[in-house]
Each structure stands twice: as C-alpha cells, then as structure tokens.
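Have the viewer open as you read.

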Amino acid sequence: MRSIERGSFAAVRSVDARANTLTVELENGSSVTYDPRRLRGVNVFRETEREFATGDRIQFTAPANDLKVANRELGMVEAIGQDRQMRLKMDGGRDVQLHPREHPHLDHGYAVTSHSSQGQTAERVLIHVDTELAAKDLLNSRMAYVAVSRGAEDAQLYTNDRAKLPEALGHEVSHESAHMPAVKPHQSITPSQPEIAPVIEHGIGMGHSL
C-alpha cells in the first residue's frame, strides 16, 4: 500500500464490504485502497457548504495546530478580505488569520454540544433536550449539569416532552457522575443550588426557564 502521510486529506471513492477495504482519493489525485483495521487514527468528515459573514460566531471542528487552536474552540469573524482571508477574534482573546481553503474545518458557533461546551461560560444559554433522541446514553445527569452550569446568569431548557424530561436527565452514567436530583416543577435554581427544575415563565411552546 502506498503511504498516506499523517495530516493528509482524502475522499472516500468506494467501499468493498466483503473484502473490508476502502478506496480513497488523495489530494494529489492518486488512489489508495486499504483495510481500515490496519490504519488507525483516521477521522471522518462530511463536506458541507457554509457561508460566513462579518460578525458570525464560528467554531473549529478539528484542531488547527499551526494556529494553536483547539478542537471546538469558538470565536467571531472580524473581517473577510477580497482574497477570502478571514480574521477571527477567538473567545480567549487571540487574533487568528486563516484561509478556509487551508483550514476547512469551520462551522457556525451559535450552537454547540454539551460535551464540547465544557470549560466555556456564557451569560445566557439555551439548552435543547430531545427525549426521543436515538442515542439515549447522551441524555444523563452529567450532560444536564454541564449544560446548565455553562450559563452564568440564565439557563433555559427546551424539550419536546416535559413529562419524560426528569427520567431522561436523571440517568446516571457512572458512580463518578455529578448527582442530579429529580426534576420538581416550580422549583427555581440559583448558581449556588445546581438543580435542574423547569419553571414555566413568560414563554411559548415547551421552553422552560431554569
């Protein structure tokens, strides 16, 4: 098999399930067929078009080591030049310049997963919890605690089924998980009282203010 260098990109062109092989096309146009069990450390991305404008929130969907930017790090688009060069102001305060052709792992940063929001803080957070989510293990007390604790001033919870919410967010994933008490209607929370409690205020639909 021809060598696939570390950090290189390729597009999957065909899959042979019987032989358990992938055929990929490298950036230089050459093709390589290999057994994925023998090549570890491969990340899979789906190519999708995104349009960015000055003032947009942005997030990196993969590390950019040359820019010293971590995966899921957030920032704001400050300017876009005629050559499409982008100037970003990262949430940590650093200025970063890049061209999206050289750093394609970018997405809008208005919504992030609970997992990738760890270590980040915002004045106000809106949390979406779908109790019919296929991957049930993603809904648990740890996810609830992380999501709610990101909001310094306000956290609002939106769900498709209020009745199923306590059971979904009361699920413990390990003995080391942060303990989350059962949801009690009309019980508000403060930063010093980290409990999940939906309180319906002035809103519409299934929005719950915490």
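How many nonpolar, polar and charged residues does the lining of the second largest pocket have? By class, the count is 16 nonpolar, 11 polar and 7 charged. For the classes, Ala, Val, Leu, Ile, Met, Phe, Trp, Tyr, Cys and Pro go down as nonpolar, Asp, Glu, Lys and Arg as charged, and the others, Gly among them, as polar.

## Ground rules

This is a predicted model, where local features need pLDDT of at least 70, side-chain atom pairs count only at pLDDT 80 or more, and totals for chains, interfaces and linings use all residues. Residues are numbered from 1 along each chain as its sequence is written, and side-chain values use heavy atoms, with hydrogens and water left out.

## The two pockets

A pocket here is an open set of points on a 1 Å grid over the protein atoms alone, where a 1.4 Å probe fits, with protein on both sides within 12 Å along at least five of seven lines; lining residues have an atom within 4 Å of a point. Grid points are joined across faces, edges and corners, and a volume is the space filled by probe spheres set on the points. Helices (H or I, at least four residues) and strands (E, at least two) are DSSP runs, numbered from the N terminus.

The second largest pocket comes to about 960 Å³. Its lining takes in 34 residues, with Val112, Thr113, Ser114, Ser117 and Ala147 nearest the centre. Strand 9 (122–129) and helix 1 (141–149) each supply at least two lining residues, and strand 9 gives the most, with 7 residues.

The largest pocket has a volume of about 2,300 Å³. It is lined by 49 residues, and Phe9, Ala10, Phe45, Pro104 and His105 lie nearest its centre. The elements giving two or more residues to that lining are strand 1 (10–16), strand 2 (21–26) and strand 8 (106–108). By class, the lining of the largest pocket splits into 23 nonpolar, 10 polar and 16 charged residues.

## Helix 1

Ser141, Met143, Ala144, Val146, Ala147 and Val148 are the buried residues of helix 1, where buried means under 20% relative accessible area (1.4 Å probe, protein chains only). They pack against strand 9, strand 10 (151–159) and helix 2 (165–169); contact means heavy atoms within 4.5 Å. At the start of helix 1, a side-chain oxygen of asparagine 140 reaches to within 3.1 Å of the backbone nitrogen of arginine 142.

## Strands 1 and 2

Strand 1 and strand 2 pair in the antiparallel sense over 6 bridges; pairing takes at least two DSSP bridges between the strands. Aspartate 16 has threonine 21, in strand 2, as its bridge partner. The hairpin has 4 residues between the strands, and asparagine 20 takes a positive phi near 60°.

Threonine 23 is in strand 2 too, and counts as buried because its relative accessible area is 19%. Its side chain joins that of threonine 33 through a polar contact of 2.8 Å (a pair of N or O atoms within 3.5 Å; within protein, one must be able to donate a hydrogen and the other to accept it, and residues adjacent in sequence count only if both atoms are side-chain atoms).

## Strand 4

Which residues are worth a click here? Glutamine 59 lies in strand 4 (residues 57–60), and is buried because its relative accessibility is 3%. A polar atom of the glutamine 59 side chain lies 3.0 Å from the backbone oxygen of histidine 108.

Isoleucine 58 is in strand 4 as well, and is buried with a relative accessible area of 0%. The C-alpha atoms of isoleucine 58 and methionine 76 are 5.6 Å apart, though the two sit 18 residues apart along the chain.

Note on methods
Buried < 20%, exposed > 50% of the residue type's maximum accessible area, 1.4 Å probe, protein only.
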